[in-house]
Amino acid sequence: MSGRIVKKPLRKRILIFLAHALLALLAIIWLVPIFWVLLTSFRGTKGSYSSTFFPTSYSFDNYIKLFTDFSVFNFPQMLLNTLIVAVATCVLSTFFVVSVAYTLSRLRFRARKKLMNFAMIIHLFPGFMSMIANYYIFKMLGWTDGPMLRLAMIAVYSGGAGVGYHIAKGFFDTIPISLDEAAMLDGSTRWQVLRHIIMPLSKPIIVYTLLTSFAGPFKDFMLAKVLCGPNKDYYTVAVGMYQMLEREYLDQWFCSFAAAAVIISIPIAALFLATQKYYSVSVSGSVKG
């Protein structure tokens, strides 16, 4: 009997150790490319190839070049364009997603299931399938030149956000509908229920939607490239950084490309750090508070 009691904890400790070792190995594998990009951004030598993992010399020249050398790439302008589009997109997308998710989660109407099925089918198709159609629609409207390009990109990134309601709806479904009914018995409207009850209890999913919507314009290349075309003044960072890797610019701009990758991670990381506390907010915790 005593032998069985000793073996069980030992076996459990071994499994826990192996699990932690595996997680540590996966974390190292995941962090190595990020660490390499960070090192490359400070590399003092030019070119895309280095015979050593760690640079032989370090310098801030790659960062300085991004903000001083505008002969080929105007990185500050690209970063500004992206920030404008990203901020507008995350606000509009979050509004659309929350509105659609709340409607489909809390309201019951005749076409509800048909709309949910239709939105599911539309969401299964990747966005780039419609980029040519979007381009010609915006061209017809005169949105493919000048400042209207930013409006076109905002429309592309946020216009169809509502069909991605599924995660938010799943979260709203976990909130007891009895809270809505009690509030409406006290005279609250649907808008007041959403604003004062559902929204405070749904901070984690709202933050998730904000983060994913904000990061979208930073990482998307195809749609931005099709819309911008030759208009370099309205390039986003994804389009500009892709051009840094072209053959004629690769040797001189590769390390600056790594520096740009580090810089554009700062706004996304800052937004995450500013909102991460809301991930710990749960429905039960909010109700208890």
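Modeller: First, a term: contact means heavy atoms within 4.5 Å. Helices (H or I, at least four residues) and strands (E, at least two) are DSSP runs, numbered from the N terminus. This is a predicted model, so local features need pLDDT of at least 70 and side-chain atom pairs count only at pLDDT 80 or more, while totals for chains, interfaces and linings use all residues. Residues are numbered from 1 along each chain as its sequence is written, and side-chain values use heavy atoms, with hydrogens and water left out.

Colleague: OK. What covers the buried residues of α12?

Modeller: The cover includes α2 (61-68), α3 (75-106), α10 (203-219), α11 (222-228) and α13 (247-275).

Colleague: And which residues in α12 are buried?

Modeller: V237, A238, V239, G240, M241, Q243 and M244. Buried means under 20% relative accessible area, exposed means over 50%, and partly exposed is in between (1.4 Å probe, protein chains only). Seven of the eight residues of α12 (residues 237-244) are buried, so this helix is largely enclosed by the rest of the structure.

Colleague: Let's do a helix pair. How do α3 and α10 cross?

Modeller: Their axes come within 7 Å and cross at roughly 145 degrees. Axes here are lines fitted to C-alpha atoms, for helices over the stretch in contact, and angles run from 0 to 180 degrees between N-to-C directions.

Colleague: Is the crossing of α3 and α10 left-handed or right-handed?

Modeller: Right-handed. A crossing is left-handed if the near helix is turned anticlockwise from the far one by less than a right angle, and right-handed if clockwise.

Colleague: Which residues make the contact?

Modeller: On α3 they include L79, L83, A86, C90 and V97. On α10 they include I206, L210, F214 and F218. The residues of this contact divide into 13 nonpolar, six polar and no charged.

Colleague: What counts as nonpolar, charged or polar?

Modeller: Ala, Val, Leu, Ile, Met, Phe, Trp, Tyr, Cys and Pro count as nonpolar. Asp, Glu, Lys and Arg count as charged, and the others, Gly among them, as polar.

Colleague: Is C90 buried or exposed?

Modeller: C90 is buried, with a relative accessible area of 8%. C228 is buried too, at 0%.

Colleague: What about C255, where is that?

Modeller: In helix α13. At 2% relative accessibility, C255 counts as buried. Leaving aside its neighbours within four places in sequence, C255 is in contact with T40, S41, R43, T45, G47 and N62. The C-alpha atoms of C255 and G44 are separated by 8.6 Å, though they are 211 residues apart along the chain.

Colleague: And S256, what is in contact with that?

Modeller: N62, K65, L66 and M244, leaving aside neighbours within four places in sequence. S256 is found in α13 and is buried, with a relative accessible area of 0%.

Colleague: Now rings. How many aromatic pairs are there?

Modeller: The count comes to 15. Rings of Phe, Tyr and Trp (its six-membered ring) pair if their centres lie within 6.5 Å; planes under 30 degrees apart count as stacked, over 60 as edge-to-face and the rest as tilted. F73 and Y249 form an edge-to-face pair, 5.1 Å centre to centre, with 75 degrees between the planes.

Colleague: What does that pair tie together?

Modeller: F73 lies in the loop between α2 and α3 and Y249 in helix α13, so the pair ties together parts that are 176 residues apart in sequence. F73 is buried at 3% relative accessible area, and Y249 is partly exposed at 22%.

Colleague: Which residues form one aromatic cluster?

Modeller: F35, F53 and F54.

Colleague: Last one. Where is L26?

Modeller: L26 is in helix α1 (residues 2-41). At 45% relative accessibility, L26 counts as partly exposed. The C-alpha atoms of L26 and Q252 are separated by 33 Å, with the two residues 226 apart along the chain.
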